[in-house]
Amino acid sequence: PAGMRRIQHRAKHVGRESHKFAFELVAREVTGLPEPLPGNAVVVALSRGVKVARTAPAPPVAGVAQWGAVGSPASVVATLYRSHDKAGIGKAYSDKLYRVAVMVPGAGGDA
């Protein structure tokens with residue numbers, strides 16, 4: 001259950017420094033989209049667990065969705081923990097994996 005996971009999480013990070021970081025993925029173009037697309041817009045999603053950040057929607061034209069030269073950001077804030085320095089080479093942050101997906105909002109999924 002959730003209570004047990006919370007206890008395990010806290011125990012794993014005892015004595016480790018935590019720092020918050022903001023990360024931003026900027027989408028400018030997605031190519032190779034199938035035609036016809038089951039919707040009229042495409043978003044790029046950056047997710048980890050239940051946290052999801054999405055770009056603004058972009059209309060696909062001839063299998064390509066473009067957000068322009070400035071792009072469209074998808075931003076997340078993550079708490080990173082310093083790893084224990086077992087090798088004596090300085091402390092690094094623990095890894096956190098994110099999923100990047102191209103989605104079509106309203107195309108039969110929960111996008």
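Q: Leaving aside neighbours within four places in sequence, which residues is Ser 47 in contact with?
A: In this predicted model, Ser 47 is in contact with Val 52, Tyr 98 and Arg 99, once neighbours within four places in sequence are set aside.

Q: Where is Ser 47 found?
A: Ser 47 is found in strand β3, which spans residues 43-48.

Q: And is Ser 47 buried or exposed?
A: Ser 47 counts as buried because its relative accessible area is 18%, and the cut-off for buried is under 20%.

Q: How many residues of β3 are buried?
A: Five of the six residues of β3 are buried, so the strand is mostly covered.

Q: Which way do β3 and β8 run, parallel or antiparallel?
A: They run antiparallel, and five bridges join β3 to β8, the strand of residues 99-103. Within this pairing, Leu 46 has Val 100 of β8 as its bridge partner.

Q: What about β3 and β4, how many bridges there?
A: Four bridges, again in the antiparallel sense, with β4 covering residues 51-54. Ala 45 stands opposite Arg 54 of β4.

Q: How many residues lie between β3 and β4 in the hairpin?
A: Two residues lie between them, and Gly 49 in the turn has a positive phi of about 65°.

Q: Changing topic: what is the strand order in the open sheet of three strands?
A: The order is β2-β6-β5, with antiparallel pairing. β2 and β5 (60-61) stand at the edges with a single partner strand each, so one side of each has no neighbour in the sheet.

Q: How many bridges join β2 to β6?
A: Two bridges join β2 to β6, the strand of residues 64-66, and the two run antiparallel. In this pairing, Val 30 stands opposite Ala 65 of β6.

Q: Which residues make up the largest nonpolar core?
A: That core has 10 residues in all: Ala 27, Val 30, Leu 33, Leu 37, Val 42, Val 44, Ala 58, Ala 65, Trp 67 and Val 104.

Q: What does Ala 58 touch, not counting residues up to four places away in sequence?
A: Ala 58 touches Ala 41, Val 42, Ala 65, Gln 66 and Trp 67. Of these, Val 42, Ala 65 and Trp 67 are listed with Ala 58 in the largest nonpolar core.

Q: On to charges: how many salt bridges does the structure hold?
A: The structure holds one salt bridge. Arg 82 forms this salt bridge with Glu 17, and the closest N and O atoms are 4.0 Å apart.

Q: Where do Arg 82 and Glu 17 sit in the chain?
A: Arg 82 lies in the loop between β7 (72-81) and β8, while Glu 17 lies in the loop between α1 and β1 (18-27). The pair links distant parts of the chain, 65 residues apart.

Q: What is the relative accessibility of Arg 82?
A: Arg 82 has 25% relative accessibility and therefore counts as partly exposed. Glu 17 is also partly exposed, with a relative accessible area of 39%.

Q: Where does Pro 105 lie?
A: Pro 105 lies in the segment after β8. This proline is partly exposed, with a relative accessible area of 31%.

Q: How far apart in space are Pro 105 and Pro 57?
A: They are 8.4 Å apart, C-alpha to C-alpha, and 48 residues apart in sequence.

Q: Stepping back, how many helices and strands does the protein have?
A: The protein has one helix and eight strands. From the N terminus on, the elements run α-β-β-β-β-β-β-β-β.

Q: What share of the residues counts as buried?
A: Of the 111 residues, 26% count as buried. The accessible surface comes to about 7900 Å², and 55% of that surface belongs to carbon and sulfur atoms.

Q: What share of contacts between residues at least 6 apart joins residues at least 24 apart?
A: The share is 63%.

Q: Finally, which element has the lowest mean pLDDT?
A: Helix α1 (residues 2-12) has the lowest, at 66, whereas strand β2 (residues 29-30) has the highest, at 96. For the protein, the mean pLDDT is 84, and 77% of its residues reach 70 or more.

Note on methods: Residues are numbered from 1 along each chain as its sequence is written. This is a predicted model: local features need pLDDT of at least 70, side-chain atom pairs count only at pLDDT 80 or more; totals for chains, interfaces and linings use all residues. Side-chain values use heavy atoms; hydrogens and water are left out. Buried means under 20% relative accessible area, exposed over 50%, partly exposed in between (1.4 Å probe, protein chains only). Two strands pair if DSSP finds at least two bridges between them. Contact means heavy atoms within 4.5 Å. pLDDT is the predictor's confidence in each residue, from 0 to 100. Accessible areas come from the Shrake-Rupley method with a 1.4 Å probe; for residues, only the protein chains shown count as cover. A salt bridge is a side-chain nitrogen of Lys or Arg within 4 Å of a carboxyl oxygen of Asp or Glu. A nonpolar core is a set of buried Ala, Val, Leu, Ile, Met, Phe, Trp, Tyr and Cys residues joined through side-chain atoms within 4.5 Å.
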